[in-house]
Structure formats: C-alpha cells, structure tokens
Amino acid sequence: ANYTITKVVGKLTVTPITTKIVITADSNDKVYDGTALTDSGFTYTSGILLTGDVLSAVVEGTITNVGTADNVVTSYKVMRGLTDVTGNYTFDPSVKGELEVTKRPVTLTSATDSKVYDGTALTNGTVTVTGSGWATGEGAAYTVTGSQLDVGFSDNTFSYLLNAGTLAAHYTIT
C-alpha cells in the first residue's frame, strides 16, 4: 500500500554470431572414363561453430564428358541434435568448386615383325592399345595396311575408325 509499483518488462536479445562462415564446395577432376564425376564434399570456415553444433551442406554438380562444370552448395543448415540452429550464425555466399574431366590418353601401336625372305609378303594386323586404354564399352576398329615383300623394311601402316559411341573429343589419340 505504501508503493506504486510499475512493472517494466525488459528484453533479452540474442544476436547471431557475426563472424561469417564461408562454405566452399570441393573441386575434383578425373580422366574420362564414361561415368559421371560428382563430389558432394565441402569445407567451411573453422573455429566458429559452438561445440555440439554440426554444419551439413548439399553440394551438387556432375559432369561425364570432357570439360568442366560447377560444383555448387545448394543448401546448408546447422543442427544441435534435432534442433536447427542455423539462424544463430552468419554466412557469406558459398564458394563454388569445379569438376573437370580431362581427355583420356590412348596410344595405338601397330606390330613390329620380321621373317626370313620366303616370297610372300610379311604382314601383321595386330594393333596394341596402351596409355589409359579405351573407356569401358568404347574402342575402335583397325585396318592394318603395312606389307613388306622383299628384303628391307617399311612402316606397318594402319588406320582406325572409332566405334559408335566413342567420341574423339574424349581422347588424346597417338
């Protein structure tokens, strides 16, 4: 009765951690093999997340043919157990990675052969594929035209025709 009491409710404010987190999508490369290259990995600025908080990110990108493609962070969140605490952190824009498929090196070598003169032409239709070889299910047909009848030597010449579905752009052919 001796007091006039006025109740003023204060406000408690929690603001996000202002040190910015940057998520960087992984980069990766491989030699062409006919299968897709993907990499869902990422890194992020360390030392900012509180103990027990876990950052997860979805990284998307794919490339099969020779060339490059972006690998990008499409979403992310920070969880503490089953609770989404992403709003407690500050994020800068994510950094994209790069996926690269390089040409597959293939060396085609016609056979070297010899014999004692017998009046018939020496031929050998073998072509050996070395280097990284053809990707699974791909290859070429060979036409060997080298021939030596008399004493001496000549090149065992040949040509090749890539099989259907085998693209020259995927290979460095020697």
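Colleague: Why is tyrosine 76 called partly exposed?

Modeller: Buried means under 20% relative accessible area, exposed over 50%, and partly exposed in between (1.4 Å probe, protein chains only). Tyrosine 76 has a relative accessible area of 34%, so the residue is partly exposed. This is a predicted model, in which local features need pLDDT of at least 70, side-chain atom pairs count only at pLDDT 80 or more, and totals for chains, interfaces and linings use all residues. Residues are numbered from 1 along each chain as its sequence is written, and side-chain values use heavy atoms, with hydrogens and water left out.

Colleague: Is phenylalanine 91 counted as buried or exposed, and why?

Modeller: Its relative accessibility is 17%, so phenylalanine 91 counts as buried.

Colleague: What makes the pair of tyrosine 76 and phenylalanine 91 tilted?

Modeller: Rings of Phe, Tyr and Trp (its six-membered ring) pair if their centres lie within 6.5 Å; planes under 30 degrees apart count as stacked, over 60 as edge-to-face and the rest as tilted. By this rule there are four aromatic pairs. For tyrosine 76 and phenylalanine 91 the ring centres are 4.3 Å apart and the planes stand at 40°, so this pair is tilted.

Colleague: Which residues form a cluster through ring pairs?

Modeller: Tyr32, Trp134 and Tyr171 are linked in this way.

Colleague: How do you know that the side chains of glutamate 138 and tyrosine 171 are joined by a polar contact?

Modeller: A polar contact is a pair of N or O atoms within 3.5 Å; within protein, one must be able to donate a hydrogen and the other to accept it, and residues adjacent in sequence count only if both atoms are side-chain atoms. The contact joining these two side chains is 2.6 Å.
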